[in-house]
Amino acid sequence: MQNFDRRKFLKTLSISTITMGLVHGTSFLNGATAEEVDWFQNINRVNDPPINLTPKEKGHAPFIKIPDIIKNGEPFVLDIQIGENVHPMTANHYIQWIEVYAGIELISRIEFSPLCPQAKVTVPMVVKESSTLRVLTRCNLHGIWETTRKIVI
Ligand SMILES: [Fe+2]
């Protein structure tokens, strides 16, 4: 029996997911402006802490809260809210998913339907080394957005 390489499987799955997202993302973009198309071709990044954000950035950046002090191997919670004022969740405009990474390791992926009332989650976390926390999200109309923060333990 062939050995199962979990890391290779997850890497392939992530690439496939992103590729499928881009394919599906472009399928409904007929008639979109160049700026709108660009939202789906790139990961939109904002500074953390967020400063001088545009209205689109304020509406889509993941706003994250973690404890000031994080200790090696001790659980903590990561609070995530999409948008400074929480992004709408309607049938035509909604947050599709949120992903959390520590470095390149996927910690959690949360899927939403338009029926979910709020684009907010709390994710339990444990880290065993200093790393970069990456939170990504996808709006069905406005693309992929990312916020990063250094975790120092
Ligand atoms: Fe949006």
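Two residues are in contact if their C-beta atoms, placed from the backbone, lie within 7 Å. By this criterion, and leaving aside residues up to four places away in sequence, Trp145 touches Asn44, His60, Ala61, Pro62, Leu136 and Thr137.

The structure is a predicted model, in which local features need pLDDT of at least 70 and side-chain atom pairs count only at pLDDT 80 or more, while totals for chains, interfaces and linings use all residues. Residues are numbered from 1 along each chain as its sequence is written.

**Overall composition**

The protein contains three helices and eight strands; helices (H or I, at least four residues) and strands (E, at least two) are DSSP runs, numbered from the N terminus. In order from the N terminus, the elements are α-α-β-α-β-β-β-β-β-β-β. Of the 153 residues in the protein, 21% are buried. A residue is buried if 20 or more other C-beta atoms lie within 10 Å of its own, exposed if 12 or fewer, and partly exposed in between, with C-beta atoms placed from the backbone. Among contacts between residues at least 6 apart in sequence, 57% join residues at least 24 apart.

**Nonpolar cores**

A nonpolar core is a set of buried Ala, Val, Leu, Ile, Met, Phe, Trp, Tyr and Cys residues joined through C-beta atoms within 7 Å. The largest has 13 residues, of which Ala61, Ile80, Ile98, Val100, Val135, Leu136 and Trp145 touch the most other members. At least two residues of this core come from each of β3 (76–82), β4 (95–102), β7 (131–139) and β8 (143–151). The largest contribution, three residues, is that of β7. Another core, of six residues, lies apart from it and includes Ile82, Tyr94, Ala119 and Cys139.

**Strand pairing**

Two strands pair if DSSP finds at least two bridges between them.

| Strands | Bridges | Opposite residues |
|---|---|---|
| β4 and β5 | six bridges | Ile98 and Ile110 |
| β3 and β6 | six bridges | Asp79 and Thr122 |
| β4 and β7 | seven bridges | Tyr101 and Arg134 |

Strands β4 and β5 form a hairpin with two residues between them. In its turn, Gly103 has a positive phi of about 65°. Strand β5 spans residues 105–111 and includes Leu106. Leu106 counts as partly exposed because it has 14 C-beta neighbours inside 10 Å. The C-alpha atoms of Leu106 and Arg134 are separated by 9.3 Å, although these residues are 28 apart along the chain.

An open sheet is formed by three strands in the order β2-β3-β6, with antiparallel pairing. Its edge strands, β2 (62–65) and β6 (120–125), each pair on one side only. From one strand to the next, the twist averages 25°; axes are lines fitted to C-alpha atoms, for helices over the stretch in contact, and angles run from 0 to 180 degrees between N-to-C directions.
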